[in-house]
Amino acid sequence: MADQRFPIRLGVRSRPLLRLFGVRDENAFVALDGVLDARFGWFRMTTPVSNIASWRIEGPWLWITAIGVRTSLRYRDLTFGGNPDGGVRIDFRERVRFGPIGIRALYVTVADLEGLGAALRERGIDGVDARKRR
């Protein structure tokens with residue numbers, strides 16, 4: 001299956017804050033081949049595609065809860081967020097190391113939510129579009 005790359009959408013008003021994380025257009029993306037490689041400025045998470053259990057399109061969210069690199073110790077999830085319009089939650093079969101934390105899920109606010117979902121579905125990974133309607 002061909003390599004695919006999905007840029008993370010960076011909101012115009014979010015860009016100054018995201019520069020604190022080293023985020024620029026060229027280093028904010030999710031790449032898929034046999035590996036999921038998510039990059040967001042100075043941060044990176046990789047795992048084999050075989051470790052992906054499911055995906056779910058969610059959002060929109062409040063700006064303050066969606067922007068930047070964030071993790072929840074309670075839920076063991078990680079966000080690479082460039083805008084509050086929505087993202088794809090990617091759930092893992094086994095936790096993925098991110099520093100000292102084992103992450104269960106990754107949220108990425110890619111520009112093409114449906115495209116990332118379709119690429120995962122093509123690789124045999126089920127998911128749903130569960131976005132809130134405005």
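Predicted model: local features only at pLDDT ≥ 70, side-chain atom pairs only at ≥ 80, totals over all residues.

Residues are numbered from 1 along each chain as its sequence is written, and side-chain values use heavy atoms, with hydrogens and water left out.

Select Trp61, Thr65, Ala66, Arg70, Thr71, Ser72, Asp77, Thr79 and Tyr107, which line the largest pocket (on a 1 Å grid over the protein atoms alone, an open set of points where a 1.4 Å probe fits, with protein on both sides within 12 Å along at least five of seven lines; lining residues have an atom within 4 Å of a point). Its volume is about 170 Å³, the space filled by probe spheres set on the points. Colour β6 (68-72) next, since this strand gives the most to the lining, with 3 residues (strands are DSSP runs of E, at least two residues; helices are runs of H or I, at least four).

Now show Arg39 and Asp37, whose side chains meet in a salt bridge at 3.1 Å, N to O (a side-chain nitrogen of Lys or Arg within 4 Å of a carboxyl oxygen of Asp or Glu). Asp37 counts as buried at 11% relative accessibility, whereas Arg39 is partly exposed at 28% (buried means under 20% relative accessible area, exposed over 50%, partly exposed in between, with a 1.4 Å probe and protein chains only).

Finally, select Arg131 and Glu114, which meet in a salt bridge at 2.6 Å, N to O. This pair links distant parts of the chain, with Arg131 in the segment after β10 (127-129) and Glu114 in helix α3 (residues 113-122), 17 residues apart.
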